[in-house]
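Trainee: Before I look at the model, could you show me how to read a few backbone and burial features in it?

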Number of protein chains: 2
Amino acid sequence: MDVSANNRTGDAYVVGVDFGTLSARALVVRVSDGAEAGTAVSEYARGVIDRSLGDGAHFRGELPPDWALQDPGDYAAALREAVPAAVRDAGIDPAQVIGIATDFTASTCMPVLADGTPLCQLPGLAARPHAYPKLWKHHAAQPHADRINAVAHERAEKWIGRYGGKISSEWQFAKALQLLDEDPELYQRADRWIEAADWIIWQLCGTETRNACTAGYKGIYQDGSYPSRGYLAALDPRFASFAQDKLAHPIAPLGGRAGGLTPAAAALTGLPAGIAVAVGNVDAHVTVPAAGPIAPGKMVAIMGTSTCHVVNGAELAEVPGMCGVVDGGIVAGLWGYEAGQSGVGDIFAWFTANGVPCEFAEAARRRDVSLQQLLDEQAGALPAGSHGLIALDWEGGNRSVLVDGRLSGAIVGLTLATTAPEIYRSLLESTAFGTRMITETFDRAGVPVTELVVAGGLLKSAPLMQIYADVTRRPLSVIGSGQGPALGSAIHAAVAAGAYPDVPAAAAVMGREMRDVYRPDPDRADTYDELYAEYVRLHDYFGRGTNEVMYRLRAIRDRTWQAREGL
Amino acid sequence: MDVSANNRTGDAYVVGVDFGTLSARALVVRVSDGAEAGTAVSEYARGVIDRSLGDGAHFRGELPPDWALQDPGDYAAALREAVPAAVRDAGIDPAQVIGIATDFTASTCMPVLADGTPLCQLPGLAARPHAYPKLWKHHAAQPHADRINAVAHERAEKWIGRYGGKISSEWQFAKALQLLDEDPELYQRADRWIEAADWIIWQLCGTETRNACTAGYKGIYQDGSYPSRGYLAALDPRFASFAQDKLAHPIAPLGGRAGGLTPAAAALTGLPAGIAVAVGNVDAHVTVPAAGPIAPGKMVAIMGTSTCHVVNGAELAEVPGMCGVVDGGIVAGLWGYEAGQSGVGDIFAWFTANGVPCEFAEAARRRDVSLQQLLDEQAGALPAGSHGLIALDWEGGNRSVLVDGRLSGAIVGLTLATTAPEIYRSLLESTAFGTRMITETFDRAGVPVTELVVAGGLLKSAPLMQIYADVTRRPLSVIGSGQGPALGSAIHAAVAAGAYPDVPAAAAVMGREMRDVYRPDPDRADTYDELYAEYVRLHDYFGRGTNEVMYRLRAIRDRTWQAREGL
């Protein structure tokens, strides 16, 4: 931590808490300049619940494939542990803290009572999977998403265009419809269906709020309303009043004040009662102000296992294959656009674990670096184009711009001389091509991308960043914080506390970017123009229906495994 | 060795010698039944000369890329070492040996004097690369092959159709034209240009012979003549009399008697002077009689680092993408067809060395099996189609039916769950698809393939063999000898010695196949029909000009490396 930032007499601080997939991180930030004063992490005791609901009395055997649940008790525990620890780490007086804000994975949503109690915490419901929050990566509601999309297109619902034509199985409506289908009794007992992003705020300030970001991107809230009763009845007559009964609530703008910290939450966190609690937010979107001044066209790519691309636009446009566009979805007053790549770091990790021979692992051990670092180095040292390979970055499916989870990865150009670092480099490049495809699609759709800023864990890989600069032919800026989401939350806390008039004003002071850290090399960029043309050709061939081999291979695979399991 | 085969009083034996890329193997075989009585191997001291011509006085630094030479002294040494050792191993009296025959890699060809002395053995020429035999895999004559093909098509030479439309850079004419271009003085000093397959016979019987197999497949000898003077002059005026001066000689049928073993050769080998020496032959083609009864439509696939497919046909047909069709090219009286896959075992070895993580290498060590054996087992245990992958087997280019060394490998269908054994299985399958493409092309061209027999090192992999049976939907026979080429040579020796009237008669007695060892499973074959359809679609897309991405990737790669080397 920056010691000069700590405990300067009279300084005001805010706390941002970033709720991730496996842990939550609290960050104490000085309001006057965004200096990061202290931090602490709380691992979730139950992590991702994807096998069984636990042992002993609760044991009910394996969960079906594609399920992913969480325990809201872990979220509360993180407030209790990480917040006071971060304040201690900062060495400040808790009385100096004037606000708190949080961000969450999304859509992570759950059924609760009218007072906010999660159903899974009610007596007798701990063994019912549908009583738990469904984590963003719960993928078992695909049939429900399919129905949602089919009916939307049949009825020509105008909101479907705001989501690139497809609602994801990861989102609120698919998960709620699965609950109704598979455990209708629990569906009835749920007074409310709420994002964890909003639920955590409820725990802090004691009143329900709904934030503009998750309502818009995950809750199909557009132009002031949810999907109509008629549409919902067409999905299932029992679902007709879903939005009215279980979602409807005034939508609060990001950076707004949800309320004051309750005495109970003050006791939990060690922070002063009554301080500002900001409206909830999503981890990707909240990162935008952490990257400094807000501007339309400034795309922030949060690059980790997957990549989220978020960018503000002054105008509404329908961008093919985007995840969604939401009025005020990133910052009030602008249209917030989201796109993404399903697999990025995941692809590199998969290859590192599955495709690299011993000699490299041994070399990494000798040098005491990780295998991935070694590959990064060796791949980074290769001249652009020297491996003769082109890869499609779809090992985890394609989120944007094809929105197709049935697609898969491909590598073309292998020879008997091809080495593991060469393939690794082709995979790094494939994700850069995927990002270029997204930025070009935005440009063409009338949402120009004028700046590209990288946040997230992958910015540590300089070779990867240089490839992105060369492939996109853009100077690459990087966020100035290793805790982008938590800093973004802290900025929202400062606005909710009234320290700044709005998020852009706070972002300009408290956010940080390092501009143009990686600059494209014209020769390499020329080579990548050629390779990108090959990528586009294969992208369209495999991804736009010319050869649906990837669907068929997946179908054969699934059929074969089913036959083996006797299904 | 089969002890019962050894030294039965009065039994006659023959010796077959198989000259491979790195060593020669002699096999002593009983004439009456083909029993293998003894064997011995001689490693070539200088092996493949692809870096420099040696040390000391001969040193001249690095050879250019793609060069591959050999030392004919190694061939003679193999006769001196391996033949007597094999006879000793058999425990027979050398006087029981009635004939000797050899087979060779091809086209491995060299410049010699009128008495058969290789130019590289002349004083002062040991440092001249072009004075040495150019091994089959010498690939530095590609520009010359390109010229040969271009001029042949311009002039509509009718023989070009007998070679699937393309003469390979590996063959006699390309290598001779390179000699003329690059060392015209040596070209002039060469009285003859001869296959090692014929040169070794010259050493044994003291007179020059030319065999029908190499003359036809490697020497463009068709319908009784070599390419015309006019054609050769069009290549280069100095080349006009090449065939007439340096090749022309009566063509001897396979299994014919080239002459009697000279006293000098008898001293060298320890065999009786005057015994029959058979006409030369090629390692792949000579294997056909070793696999038992000769019949049109019986395709023998000699599967090793690459695969040669040889099959006799009663009629002449032009099969698209075959390597060649030669009258009597495999056995006198039938049209011999040859096709091939440039990379087979090479692809598996490449992946094993470059694409398999440590855990597998460690598991193989624990079980004391090779990594490739472990992969074979694990890949073999997977249900057909369960990996969701399809691969093109072109990591080493494509020999048949596309005849295109610029093609490269591709894998489609990768996911974050894909494992190394799954990829390995997809590569095994890709080569089986390649073989099915070849057999179907023969079938369609009017050369029906009625039986498939496997010879060569890869037949040891039962999972691979089962995949070939399932993919080709044919029962798979396997050769009954681990020394197919040497046994095939021994059969030719027996015919040359007059023990049998012709090669088919000898093959029926001395050759061995195990019929229908691997039978297709109908369910797996159905799955493979689906996957093969995908293979064909991708094969044609990448291989027949729809998307020439592989050419472009290779060109970018080569350009990049040249730039780096400052070329």
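This is a predicted model: local features need pLDDT of at least 70, side-chain atom pairs count only at pLDDT 80 or more; totals for chains, interfaces and linings use all residues.

Trainee: Which residues of α5(B) are the buried ones?

Mentor: They are Ala196(B), Ala197(B), Asp198(B), Trp199(B), Ile200(B), Ile201(B), Trp202(B), Leu204(B) and Cys205(B). Just after α5(B) comes Gly206(B), which takes a positive phi of about 80°.

Trainee: Which residues other than glycine have a positive phi here?

Mentor: The general idea is that most residues other than glycine have a negative phi, and that most peptide bonds are trans. Asp223(B), which is not a glycine, has a positive phi of about 50°; this residue lies in the loop between α6 and α7 of chain B. Asp368(B) also has a positive phi, near 60°, and is placed in the loop between α12 and α13 of chain B.

Trainee: How are Asp223(B) and Asp368(B) classed, as buried, partly exposed or exposed?

Mentor: Asp223(B) is partly exposed, with a relative accessible area of 48%, whereas Asp368(B), at 70%, is exposed; the cut-off for exposed is over 50%.

Trainee: And where are the cis peptide bonds?

Mentor: One joins Ala106(B) and Ser107(B), with omega about -5°, and Ser107(B) sits in the loop between β4 and β5 of chain B. Another cis bond runs from Ser400(B) to Val401(B), with omega near 5°, and Val401(B) belongs to the loop between β15 and β16 of chain B.

Note on methods: Residues are numbered from 1 along each chain as its sequence is written. Chains are lettered from A and ligands numbered from 1 in the order in which they are written. Side-chain values use heavy atoms; hydrogens and water are left out. Buried means under 20% relative accessible area, exposed over 50%, partly exposed in between (1.4 Å probe, protein chains only). Helices (H or I, at least four residues) and strands (E, at least two) are DSSP runs, numbered from the N terminus.
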